[in-house]
Amino acid sequence: ILSFAQILVFIFFIIKYRKNKDIHEQNKFLEVPEDCTPAVATYITSTAIGSKTIISTIFDLYRKGYLEIKDTEDFKSKDDASEDFIITKINADQENLLSHEIHFIDWLIEDMGDGSAVTTKEIESYSKNNQSMFTKKYTKWIELIKENSIKNGYFDEASKKNSLPFLIIFPITLILGILALVYGNILGGVLIGTSFLILFQGLALMFRKSDYGYVEYKRWMEFKKQ
């Protein structure tokens with residue numbers, strides 16, 4: 001009886017908090033995605049932020065006129081055949097930048113470079129020889145990307161509150177299921193299965209995109225296919 005009731009609750013919440021399908025079915029996702037930063041676009045579409053996102057951010061700031069990228073061919077000796085680039089900060093006005101972009105420039109130029117420029121070799125050396133600080137700055141950058149994504153309305157913050165009951169019920173149901181199996185009750189397996197369904201729904205609500213965020217997500221996914 002307990003497991004059946006939990007399944008009913010689970011189904012009820014899925015129906016209650018499902019996406020508005022009419023919005024997404026009417027939208028053909030043919031429009032070009034809005035001009036958000038590569039870091040925010042990555043977080044919206046996959047949440048996997050790595051080295052490719054760092055490179056994309058550098059090129060995006062170059063496109064916006066905040067950074068300049070040059071080959072160091074004119075500055076290295078004839079015996080040095082390695083490829084290296086110098087990245088220079090050329091615009092100090094950060095008024096139109098998001099907080100994660102400001103942090104990124106400071107991290108790149110101030111921490112890894114000399115305050116005005118940095119080379120790709122220096123970036124590589126810094127990441128190897130200052131791993132603790134590199135990780136700290138990198139973690140802060142990701143936090144700011146998340147904050148900017150939330151402020152821009154890509155995620156449904158209200159649904160986080162609704163995820164709490166699921167995350168509380170999950171361990172209780174799991175323990176009851178294990179105890180039931182220990183005492184030979186076959187309903188224990190049903191309870192354990194239900195507990196993980198409850199967990200998945202709770203996590204889905206915690207990271208649920210807003211309708212606006214979901215539309216932008218679909219646009220970016222379609223844009224990547226082109």
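**Figure 1. Secondary structure of the whole protein.** The secondary structure of this predicted model comes to ten helices and three strands, where helices (H or I, at least four residues) and strands (E, at least two) are DSSP runs numbered from the N terminus. Along the sequence these elements follow the pattern α-α-α-α-β-β-α-β-α-α-α-α-α. Of the 226 residues in the protein, 36% are buried; with a 1.4 Å probe and protein chains only, buried means under 20% relative accessible area, exposed means over 50%, and partly exposed lies in between. Residues are numbered from 1 along each chain as its sequence is written, side-chain values use heavy atoms, and hydrogens and water are left out. Because the model is predicted, local features need pLDDT of at least 70 and side-chain atom pairs count only at pLDDT 80 or more, whereas totals for chains, interfaces and linings use all residues.

**Figure 2. Helix α7 and its buried side.** Helix α7 covers residues 131-151, and its 21 residues should span 30 Å at 1.5 Å a residue, which agrees with the 30 Å between its end C-alpha atoms; the expected span of a helix is 1.5 Å times one less than its number of residues. The buried residues of α7 are Phe 134, Trp 141, Ile 142, Leu 144, Ile 145, Asn 148 and Ser 149. They cover an arc of only 160 degrees around the axis, and are therefore on the same side of α7, the arc being that of the directions from the helix axis to the C-beta atoms. On the other side of α7, Ser 132, Lys 136 and Lys 151 are exposed.

Figure 3. Ile 49 lies in the loop between α3 (38-45) and α4 (51-63), and with a relative accessible area of 10% Ile 49 is buried. The C-alpha atoms of Ile 49 and Ile 142 are separated by 7.6 Å, although the two residues are 93 residues apart along the chain. Ile 142 is itself one of the buried residues of α7.

**Figure 4. The contact of helices α8 and α9.** The axes of helix α8 (residues 158-182) and helix α9 (residues 187-206) come within 7 Å and cross at roughly 165 degrees, where axes are lines fitted to C-alpha atoms, for helices over the stretch in contact, and angles run from 0 to 180 degrees between N-to-C directions. The two helices are therefore roughly antiparallel to each other, given that angles under 35 degrees count as roughly parallel, over 145 as roughly antiparallel, 65 to 115 as roughly perpendicular and the rest as oblique. In passing α9, α8 makes a left-handed crossing, a term used if the near helix is turned anticlockwise from the far one by less than a right angle, with right-handed used if clockwise. The residues of this contact divide into 17 nonpolar, ten polar and one charged; Ala, Val, Leu, Ile, Met, Phe, Trp, Tyr, Cys and Pro count as nonpolar, Asp, Glu, Lys and Arg as charged, and the others, Gly among them, as polar.

Figure 5. The 25 residues of α8 should span 36 Å at 1.5 Å a residue, and its end C-alpha atoms are 39 Å apart, which agrees. Buried residues in α8 include Ser 159, Phe 166, Phe 170 and Gly 177, while those in α9 include Leu 191, Ile 192, Ile 198 and Leu 205. Leu 176, in helix α8, is partly exposed, with a relative accessible area of 35%. Leu 176 and Leu 187 are eleven residues apart in sequence and 9.8 Å apart in space, C-alpha to C-alpha. After α8 comes Gly 184, whose phi is positive, near 80 degrees.

**Figure 6. Asn 152 and Gly 213.** Asn 152 is placed in the loop between α7 and α8 and is partly exposed, with a relative accessible area of 34%. Gly 213, by contrast, is in helix α10 (residues 211-225) and counts as buried at 0% relative accessibility. Between their C-alpha atoms the distance in space is 8.8 Å, while Asn 152 and Gly 213 are 61 residues apart in sequence.
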